[in-house]
Amino acid sequence: MPISRGVANADSDMKTEVVVLGAGMVGIGTALALQQRGHGVTLLDRVMPGRETSFGNAGIIQREAVQPYAFPRDLATLLRVATRRGNDVSYHFNALWTLLPALLRYWRASAPANYAGIAQAYGRLIAHSIEEHRPLIDQSGASALVQKNGWRQIYRSAASFDVDAAAATALAAREGLDCGVLDSEALAAAEPALITPLAGAIHWRDPWSISDPGELVARYATLFQQRGGVFVHGDAFTLHQHGSGWSVRTNDGLLEAAQAVIALGPWANTLTRQLGYRLPLFVKRGYHRHYATATHLQAPMLDVERGVMMATMSRGLRLTTGAEFARHDAPPSPVQLIRGEESTRQLLDLGPPVEASPWLGARPCTVDMKPVIGPAPRHPGLWFNFGHSHQGFTLGPASGRLLGEMISKEPPFIDPTPYLPTRFER
Ligand SMILES: Cc1cc2nc3c(=O)[nH]c(=O)nc-3n(C[C@H](O)[C@H](O)[C@H](O)COP(=O)(O)OP(=O)(O)OC[C@H]3O[C@@H](n4cnc5c(N)ncnc54)[C@H](O)[C@@H]3O)c2cc1C
């Protein structure tokens with residue numbers, strides 16, 4: 001994708017109507033939604049679009065994810081996590097003290113009475129995930145990256161399978177989701193790559209999976225440019241109020257904008273703190289690695305009891321890990337990936353790793369599990385769109401549309417109240 005220069009004026013500074021800071025799935029979703037509504041938009045990143053968190057995820061457009069990941073509240077799970085016996089969650093002991101205030105609020109938001117309302121709001125946004133991606137996939141010529149086979153939760157033990165299958169079936173009936181339950185034989189027939197018999201699987205059939213998540217973002221960015229949008233390299237942390245608008249330093253000079261959108265994923269906290277906000281944001285880190293194998297999965301699979309996701313991607317079979325609670329900038333500690341690789345070798349002919357070391361990224365999380373979408377409470381012309389946690393790849397276009405409608409003063413397609421940044425100002 002070519003890097004565009006902005007429109008230079010006499011003193012070599014550039015001007016735009018809206019600058020979107022961050023070219024991950026959320027930033028590009030926002031830029032496209034604003035452009036569609038007639039705004040002049042410049043998208044800014046320090047690297048090419050889709051090279052960070054939106055590059056390294058499991059690539060699933062999770063239409064089924066109507067229930068955001070809650071903090072576990074049952075004693076058995078808490079003990080399993082605390083003693084590091086499971087592989088889905090890990091933590092750095094020395095980060096716990098810093099994370100404690102956020103974790104306490106996350107715990108409180110996960111109490112059944114609070115969680116019910118959160119999940120309702122989340123479900124209303126995620127319900128639009130596929131229909132907002134669909135036209136962008138078509139218009140950006142990215143259909144070859146998409147598989148429409150859903151994804152599966154696979155189970156080794158019959159006991160956990162039975163419990164989860166009953167809950168999934170009830171959830172699907174309540175939320176209008178397409179969910180199938182496969183016994184051991186049905187799973188073996190549906191996924192011939194499995195070399196070990198398993199107890200069964202839950203098959204979520206609505207979601208789509210993408211064979212190269214970073215490439216999908218890059219295609220959307222090319223579409224944005226083909227439609228007249230401008231992409232520039234620059235440093236979002238140089239954002240400053242400038243007259244009645246904003247300015248930010250790009251590699252080509254100063255860019256002035258009437259309005260600015262912060263869509264910096266796990267880096268949003270750095271800039272919002274600079275501007276005086278104390279938002280309850282934290283990260284859950286995650287790893288991936290590809291393996292060179294002829295094994296081709298019919299659909300991505302999550303080994304629920306081993307906490308590792310497997311997906312066939314363009315660079316090989318990608319394993320992705322669950323949540324690691326750690327400082328964003330702490331050195332990598334890919335124990336979950338090492339364990340996930342070991343356990344996956346029991347199920348698949350995995351082959352050797354492609355990369356010398358695993359990729360590390362960070363899910364941008366909020367204490368109430370909902371993204372932050374809306375006007376910055378104390379800065380006119382500044383907007384937030386970040387904190388999409390486990391589902392930012394899914395939600396980028398839908399949450400871009402919601403913010404685009406707010407900025408354009410159009411009636412929003414869903415009630416934006418649950419997402420407004422002001423919920424943390426009370
Ligand atoms: C292991 C793992 C698996 C996941 N699986 C899924 C999945 O299957 N489905 C799903 O929906 N979600 C998944 N997620 C979550 C999803 O990847 C994230 O929620 C999403 O990518 C966040 O997108 P974003 O645009 O907010 O952030 P990013 O994609 O990180 O974009 C932020 C951008 O800001 C830029 N930036 C940062 N600082 C600066 C600066 N100073 N100046 C300029 N630019 C800057 C970065 O370069 C980056 O391009 C997964 C995450 C992980 C870690």
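Analyst: Start with pairing. Two strands pair if DSSP finds at least two bridges between them. This is a predicted model. Here β4 and β10 (residues 208-210) have 2 bridges in the antiparallel sense, so they count as a pair.

User: Which residue of β10 does I61 stand opposite?

Analyst: I61 stands opposite W208.

User: What makes β4 and β6 edge strands?

Analyst: The open sheet has 3 strands in the order β4-β10-β6, and the pairing is antiparallel. β4 (60-61) and β6 (146-147) each have a single partner strand, so one side of each lacks a neighbour in the sheet.

User: Why are α1 and α9 called roughly parallel?

Analyst: The axes of α1 (residues 25-36) and α9 (residues 213-226) cross at roughly 25 degrees. Angles under 35 degrees count as roughly parallel. Therefore α1 and α9 are roughly parallel to each other. Their axes come within 10 Å, and the crossing is left-handed.

User: Which residues make the contact between α1 and α9?

Analyst: M25, I28, A31, L32 and Q35 come from α1. From α9 come L216, V217, Y220, A221, L223 and F224.

User: Which residues touch the most other members of the largest nonpolar core?

Analyst: They are I28, W204 and L216, in a core of 63 residues. Helix α12 (residues 392-407) gives the most to this core, with 7 residues. A second, separate core has 46 residues, including F325 and F386.

User: How do you know that W204 has contacts beyond its sequence neighbours?

Analyst: Contact means heavy atoms within 4.5 Å. Leaving aside neighbours within four places in sequence, W204 is in contact with residues including E64, W151, L171 and C179.

Definitions and conventions:
Residues are numbered from 1 along each chain as its sequence is written. This is a predicted model: local features need pLDDT of at least 70, side-chain atom pairs count only at pLDDT 80 or more; totals for chains, interfaces and linings use all residues. Side-chain values use heavy atoms; hydrogens and water are left out. Helices (H or I, at least four residues) and strands (E, at least two) are DSSP runs, numbered from the N terminus. A nonpolar core is a set of buried Ala, Val, Leu, Ile, Met, Phe, Trp, Tyr and Cys residues joined through side-chain atoms within 4.5 Å. Buried means under 20% relative accessible area, exposed over 50%, partly exposed in between (1.4 Å probe, protein chains only). Axes are lines fitted to C-alpha atoms, for helices over the stretch in contact, and angles run from 0 to 180 degrees between N-to-C directions. Angles under 35 degrees count as roughly parallel, over 145 as roughly antiparallel, 65 to 115 as roughly perpendicular and the rest as oblique. A crossing is left-handed if the near helix is turned anticlockwise from the far one by less than a right angle, and right-handed if clockwise.
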